[in-house]
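Good morning, everyone, and thank you for making the time.

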Amino acid sequence: MDSKLRRYCILGSMGVILLVALLVLYANQESQTPGGTQAELPQATPRTQTQEITYDEYGQRIGNDLSGFLRDATFFDPEENIWLEQKLEEQRRLSLMVTSVERDLRIQVVNFEGEPVTGQSFLVELEGQGEYKDLDQDGILYIGDLNSGEYYVSLQEIEGYKVPANPTRVQVKDKVEYVFIEDISLLMKTEDDIDVEAEDTGVQNADEDSDKTEIKKLQTPTSNSTVGIDVSKWNREIEWEKVKAAGVDFAIIRAGYRGSTTGSLVVDPYFEANIKAATMAGVKVGVYFFTQAVNEVEAVEEASMVLELVKEYNLDYPIFIDTEGAGGNGRADGLTVEMRTLVCDAFCRTVENAGRESGVYASRNWYYNRVEASRLENYCIWLAEYRKTPLYDGYYHMWQYTSKGSIDGIEGNVDMNISYMGR
């Protein structure tokens with residue numbers, strides 16, 4: 001090929017390449033804009049070197065700058081972080097709850113949620129009386145044998161906590177007032193908190209009165225009587241629909257007990273399940289509490305505990321105090337007749353003052369020998385005597401006639417009762 005022809009070939013190839021390039025460029029422009037013109041891209045807002053920063057009431061930044069914390073010299077320093085410091089201080093803050101029933105003080109060290117703080121040997125000072133230490137570290141101190149009048153209570157400094165700056169003023173009462181204790185829930189425990197074997201030791205003293213005439217079947221209701229049972233954790237799981245179908249009209253359910261050894265206030269682990277299920281099944285309900293109170297103050301505590309537990313329930317039958325032995329070694333087994341009567345009366349008066357109906361449960365021997373029954377007749381009397389016809393010659397509203405009953409829906413023995421209360 002001569003030089004002239006070669007030049008023409010090169011020029012033609014370059015023209016084809018140029019034409020293809022122009023066609024590709026045109027096609028790209030068409031795909032980017034519906035109108036065939038190049039779309040304008042949004043221009044980025046130029047970032048300034050400094051931005052205005054605002055804060056909320058807790059000292060936290062307001063804005064959408066997600067990397068702003070990198071320019072915050074205090075972000076990783078809790079001592080400079082106002083909000084975090086406020087939260088930590090709140091959690092460390094302690095308060096005192098101080099109440100008096102009769103010539104005494106119950107002092108409770110509580111956290112910011114109102115719960116007792118345990119695991120610390122708190123030291124409180126009672127002005128004019130001295131210092132008292134929380135030796136068992138349960139957050140509760142009891143001071144008795146005080147003269148009535150005004151006192152000031154201070155909590156001493158303790159590492160890791162913020163104590164009240166000013167002392168707490170409290171009025172010590174001269175006479176017991178039979179009224180509901182507002183903070184009683186702080187004293188209530190579950191069986192997980194105690195030695196159950198040592199604390200729940202009630203003994204049915206009515207067994208001493210039983211004879212071969214004891215009736216062990218559910219009786220037939222009459223025009224002036226209804227039949228029922230009383231239950232506690234010892235009856236375990238109960239099928240209340242079957243109990244109702246078997247003819248039971250009412251049930252007296254144990255709400256709790258005071259420990260025979262330490263005096264702890266303990267909720268019966270089956271109480272809530274029993275009262276809810278019995279009510280749903282159409283069984284009328286009342287409640288009872290096994291007492292080991294040794295004075296009127298403790299009786300008011302026991303009544304307050306029951307009132308707290310039943311505050312959401314409508315009861316058809318009274319709230320009973322169950323006074324019986326605790327195996328001979330219970331803390332209340334050795335009470336005098338006078339003090340045991342005062343305990344029962346204080347319990348019932350507290351319940352009545354709260355607008356509820358009250359009663360006393362005891363065996364025939366205990367009504368004769370352990371309490372002055374005549375002083376308790378204003379309350380509902382629930383007699384335990386296991387024989388065909390009771391020998392007790394006093395007036396009673398309910399009769400527990402056996403502890404060896406059997407009924408569909410309950411495994412094992414169950415206590416059975418007749419009520420003459422017309423309900």
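In the largest nonpolar core there are 69 residues, and those that touch the most other members are Ile229, Trp240, Ile319, Phe347 and Tyr367. A nonpolar core here is a set of buried Ala, Val, Leu, Ile, Met, Phe, Trp, Tyr and Cys residues joined through side-chain atoms within 4.5 Å, and buried means under 20% relative accessible area, with exposed being over 50% and partly exposed in between, using a 1.4 Å probe and protein chains only. The element that gives the most to this core is H6, with 8 residues. There is also a second, separate core of 20 residues, which includes Leu96, Leu146, Val153 and Ile158.

Before I go further, please keep in mind that this is a predicted model, in which local features need pLDDT of at least 70 and side-chain atom pairs count only at pLDDT 80 or more, while totals for chains, interfaces and linings use all residues. Residues are numbered from 1 along each chain as its sequence is written, and side-chain values use heavy atoms, with hydrogens and water left out.

Let me stay with Tyr367 for a moment. Leaving aside residues up to four places away in sequence, Tyr367 touches Val360, Tyr361, Ala362, Ala373, Ile381, Trp382, Leu383 and Tyr392, where contact means heavy atoms within 4.5 Å.

Now to helix H6, residues 296-309; helices (H or I, at least four residues) and strands (E, at least two) are DSSP runs, numbered from the N terminus. How many of the residues of H6 are buried? The count is 14 of the 14, so H6 is largely enclosed by the rest of the structure. At its N-terminal end, H6 is capped by Asn295, which places a side-chain oxygen 3.2 Å from the backbone nitrogen of Val297.

Another helix, H7, covers residues 337-353 and contains Asp345. Is Asp345 buried or exposed? Asp345 counts as buried because its relative accessibility is 16%, and it touches Leu376 and Tyr379, again not counting residues up to four places away in sequence.

Let us turn to the sheets. Strands of a sheet pair through backbone hydrogen bonds, either parallel or antiparallel. In this work, two strands pair if DSSP finds at least two bridges between them.

Strand E5, residues 123-126, is joined to E8, residues 149-155, by 3 bridges, and to E6 by 4 bridges. Leu126 stands opposite Val153 in E8, whereas Glu125 stands opposite Ser154 in E8 and opposite Glu131 in E6.

To finish, E3 is joined to E4, residues 105-110, by 5 bridges, and Thr99 stands opposite Arg106 in E4.

Notes:
The expected span of a helix is 1.5 Å times one less than its number of residues. A polar contact is a pair of N or O atoms within 3.5 Å; within protein, one must be able to donate a hydrogen and the other to accept it, and residues adjacent in sequence count only if both atoms are side-chain atoms.
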